[in-house]
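Please consult the sequence and the structure shown here alongside the text.

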Amino acid sequence: MISKINSGSVLGINGFSVMVEVDISQGLPGFDIVGLPDSAVKESKERVRTAIKNSNITFPMRRITVNLAPADIKKEGPIFDLPISAGLLVCIGILDGAKLSDYFITGELSLDGSIRPVSGILPMVISARDSNIKKCIVPYENAKEACLVDGIEVYPVKGLNEMIGHFLNSPIPKMVNENDFFEDESDIFELDFRDVKGQFVVKRAFEVSAAGGHNILVVGPPGSGKTMLAKRFSSILPKLDFNESLEVTKIYSVSSALSNKDYLIKKRPFRAPHHTASYASLTGGGKNPKPGEISLAHNGVLFLDELTEFNRNVLEVLRQPLEEKQITISRASQSVTYPSNFILVASMNPCPCGYYGSNGKCTCTTQQISRYLAKISGPLLDRVDIQVEANFVNFDDLNKLSTAEPSAAIRSRVVKVREFQANRYKGEKIKINNELQPAMIDKYCVLDMESKKMLKRAFESFNLSARAYHKIIKLARTIADLEFSGNIRPAHIAEAISYRSLDRKYWG
């Protein structure tokens with residue numbers, strides 16, 4: 001007898017449907033799984049056999065063949081334990097296959113028959129919905145995550161016997177989407193810009209960065225507040241909308257980084273990998289490619305502290321995702337693409353001792369400084385929109401009571417500017433200025449004659465690249481938006497040019 005159970009798997013961050021076909025026939029007892037299973041899938045037969053026995057069900061001592069279709073895509077993980085068990089129970093007459101045909105089933109089995117949570121529930125349930133399957137049986141711990149998908153009835157199960165009872169005489173109450181996922185977020189932040197004294201130029205640069213989604217590099221001596229400012233950057237970014245939150249949650253779901261408590265990522269990610277990170281941990285990879293830090297920072301912030309301490313080869317892999325907002329990882333068996341639309345925030349000292357340009361404190365030789373700065377390549381530096389210098393804060397600023405603007409006030413301005421940009425780009429596929437393509441710049445970033453002359457002088461004096469030219473214009477567009485100005489004026493161009501001066505000061 002043959003049974004067919006609807007299930008699914010994940011490729012990249014997208015789910016795809018898998019039909020679990022189970023056949024029991026006469027012959028010597030055996031249990032084979034085909035359809036490009038990995039080791040974890042092959043081991044399912046031992047978990048399934050023992051779980052069924054420990055659920056007080058007689059395991060069939062016949063020839064068992066399980067096919068995972070489509071057979072040309074590799075299947076990974078223990079997610080097929082529960083659908084394989086369901087297929088076996090249909091074949092031996094305990095369950096009715098017709099009743100199961102309307103369900104999507106996934107889950108990992110323990111040897112005692114209890115069901116463990118699995119990774120990638122969100123993209124798999126989305127795939128099931130797209131295949132017109134409206135009912136899902138999922139592990140109890142994954143139920144809230146599955147409920148994020150509209151139009152799906154979710155039935156959470158804790159054990160194999162509970163699933164059997166659902167189809168026989170004890171239906172499980174379905175879990176519904178309670179629509180309370182986005183309760184109002186407090187405007188009181190643990191890390192707030194009100195804590196930062198002085199550094200008005202750097203704060204302004206961070207506000208411009210947040211308003212337009214621009215990458216930013218802060219250079220300064222030790223103790224000047226670079227890290228302190230960067231860690232507060234997320235507090236001035238707009239809240240995630242529901243679609244953005246789902247995108248991020250899918251990435252964390254396939255990375256096994258979700259907890260039952262945090263089944264939906266509601267805050268913008270802030271990822272700060274240590275400078276000893278490898279390029280695979282940054283971009284993602286492995287035999288079966290998983291998302292790296294740049295994808296886990298999608299729709300959020302990637303903070304690289306002590307930028308020059310990172311291996312140069314590691315930093316160079318950032319060049320493509322900074323431009324394309326995604327990363328493609330290719331292996332012999334498969335190629336997957338992960339989104340990586342993040343704001344890069346980087347900080348560094350100006351020299352090995354950290355005090356170059358600080359009132360004669362520097363003890364480094366010219367050669368040492370050159371070697372130190374050479375760790376940051378020109379092409380990578382060219383992709384950073386804003387370069388700003390953080391200097392020491394003077395005693396008077398440190399000693400007086402803080403009157404700094406809180407993050408909530410800055411965020412309110414940023415939100416208004418983002419809305420201003422979204423209305424401007426309604427007919428386009430972009431939302432913020434940093435996403436402007438060169439072909440759109442002439443339409444949305446019109447310069448008057450004085451602004452063009454100023455930009456031309458900077459272009460020729462600084463020997464700028466075409467990329468830097470476009471980034472200055474996009475920066476000027478954001479600066480103008482902060483004043484809700486429809487036109488880009490010379491003052492906006494001048495401020496944008498000032499954010500591109502450090503590469504000339506330090507890198508010649």
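Of the 61 residues in the largest nonpolar core, Leu-88 and Met-163 touch the most other members. A nonpolar core is a set of buried Ala, Val, Leu, Ile, Met, Phe, Trp, Tyr and Cys residues joined through side-chain atoms within 4.5 Å; buried means under 20% relative accessible area, exposed over 50%, and partly exposed in between, with a 1.4 Å probe and protein chains only. Helix H3 (residues 81–91) supplies the largest share of this core, 7 residues. The model is predicted: local features need pLDDT of at least 70 and side-chain atom pairs count only at pLDDT 80 or more, while totals for chains, interfaces and linings use all residues. Residues are numbered from 1 along each chain as its sequence is written, and side-chain values use heavy atoms, with hydrogens and water left out.

**Nonpolar cores**

- Leaving out residues up to four places away in sequence, Leu-88 touches Val-22, Ile-24, Phe-31, Val-48, Ile-52, Phe-59 and Ile-64 (contact means heavy atoms within 4.5 Å).
- A second, separate core has 50 residues, among them Val-345, Ala-390, Leu-447 and Ala-476.
- In soluble globular proteins, nonpolar side chains tend to be buried together.

**The chain as a whole**

- The chain contains 23 helices and 18 strands; helices (H or I, at least four residues) and strands (E, at least two) are DSSP runs, numbered from the N terminus.
- Of its 508 residues, 52% count as buried.
- Among contacts between residues at least 6 apart in sequence, 73% join residues at least 24 apart.
- The C-alpha atoms fill a box of roughly 85 × 50 × 45 Å, taken along the principal axes.
- The accessible surface comes to about 22,800 Å², of which 51% belongs to carbon and sulfur atoms; the areas come from the Shrake-Rupley method with a 1.4 Å probe.

- An open sheet of 5 strands has the order E11-E14-E17-E10-E18, with parallel pairing; two strands pair if DSSP finds at least two bridges between them.
- Strands E11 (270–271) and E18 (386–389) stand at the edges with a single partner strand each, so one side of each has no neighbour in the sheet.
- Strand E14 (residues 301–304) runs parallel to strand E17 (residues 343–348) and is joined to E17 by 4 bridges; one of the bridge pairs links Leu-304 to Ala-346 in E17.
- In helix H15 (residues 366–373), Ile-369, Tyr-372 and Leu-373 are buried. These residues lie on the same side of H15 because they cover an arc of only 90° around the axis, taken from the directions from the helix axis to the C-beta atoms.
- The buried residues of H15 pack against E17 and helix H23 (502–507), whereas the face turned away from the buried side carries the exposed residues Gln-367 and Arg-371.

**Individual residues and backbone features**

- Ser-44, in helix H2 (residues 44–53), is buried, with a relative accessible area of 1%. Leaving aside neighbours within four places in sequence, Ser-44 is in contact with Ile-33, Asp-81 and Ile-84.
- Most residues other than glycine have a negative phi, and most peptide bonds are trans.
- The peptide bond from Ala-69 to Pro-70 is cis, with omega near 5°; Pro-70 lies in the loop between strand E4 (63–69) and H3.
- Gln-199 has a positive phi of about 50° and is buried, with a relative accessible area of 11%.
- Glu-306, in the loop between E14 and helix H13 (312–316), has a positive phi near 55° and is partly exposed, at 26% relative accessible area.
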